[in-house]
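Hi,

Here is the structure I promised to pass on. Have a look at it first, and then read my notes below.

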Amino acid sequence: MRSGVFWANGRWRQWADFMRGGDGEGGWVALLPVERLNPTETGTFVSVPGYELAIFRVADTLIVTDNACPHAHGNLAGGVVRGSIVACPWHQWQFDLRTAACVHNASVRLRSYEARVRDGVVYARLRGVRGADGV
Ligand code: FES
């Protein structure tokens with residue numbers, strides 16, 4: 001489990017407090033402070049117990065997916081985002097982050113998760129998978 005403290009929303013916070021169930025309900029798990037999101041056109045990699053994730057910005061929306069590309073486990077967080085399309089840096093398969101579908105083959109999908117920001121911290125709901133189950 002991640003340990004230590006981080007600065008968010010004007011005060012120091014304990015990672016352990018956030019990791020104990022995020023807001024305590026519904027599978028929400030704290031990922032990282034908003035200010036640590038990659039400001040460029042790539043995603044942000046984050047690891048929490050049991051998950052390696054990529055966080056993307058599409059307009060004003062945060063989208064969280066598994067970091068491993070469904071083709072051959074490339075590092076999706078390192079892919080370049082244009083509009084809502086991320087291109088995997090390994091073999092350039094492209095995925096529409098709004099739908100989680102592969103641009104070239106709609107039967108291939110990213111596993112994505114609900115995301116939200118609370119008190120300057122990005123959370124993902126790691127139960128209730130979007131994309132893989134069509135939600
Ligand atoms: S690993 Fe992503 S396109 Fe091949």
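First, a term you'll need: a nonpolar core is a set of buried Ala, Val, Leu, Ile, Met, Phe, Trp, Tyr and Cys residues joined through C-beta atoms within 7 Å. Buried means that 20 or more other C-beta atoms lie within 10 Å of a residue's own, with C-beta atoms placed from the backbone.

Keep in mind that this is a predicted model: local features need pLDDT of at least 70, side-chain atom pairs count only at pLDDT 80 or more, and totals for chains, interfaces and linings use all residues. Residues are numbered from 1 along each chain as its sequence is written.

The protein chain has one helix and 11 strands (DSSP runs, H or I of at least four residues for helices and E of at least two for strands, numbered from the N terminus). Of its 135 residues, 32% are buried.

Now the core. The largest one has 31 residues, and L31, I55, V64, A115, V122, Y123 and A124 have the most contacts inside it. Elements giving it two or more residues include β3 (28-33) and β11 (121-130). What is V64 in contact with, leaving aside its neighbours within four places in sequence? Its partners are L53, I55, S112, Y113, A115 and A124 (contact: C-beta atoms, placed from the backbone, within 7 Å).

There's also an open sheet of three strands, ordered β7-β8-β9 with antiparallel pairing (strands pair if DSSP finds at least two bridges between them). Its edge strands are β7 (80-82) and β9 (94-96). β7 pairs with β8 (residues 85-87) over three bridges, and V80 stands opposite A87 in β8.

Cheers

Key:
Buried ≥ 20, exposed ≤ 12 C-beta atoms within 10 Å, placed from the backbone. Contact = placed C-beta atoms within 7 Å.
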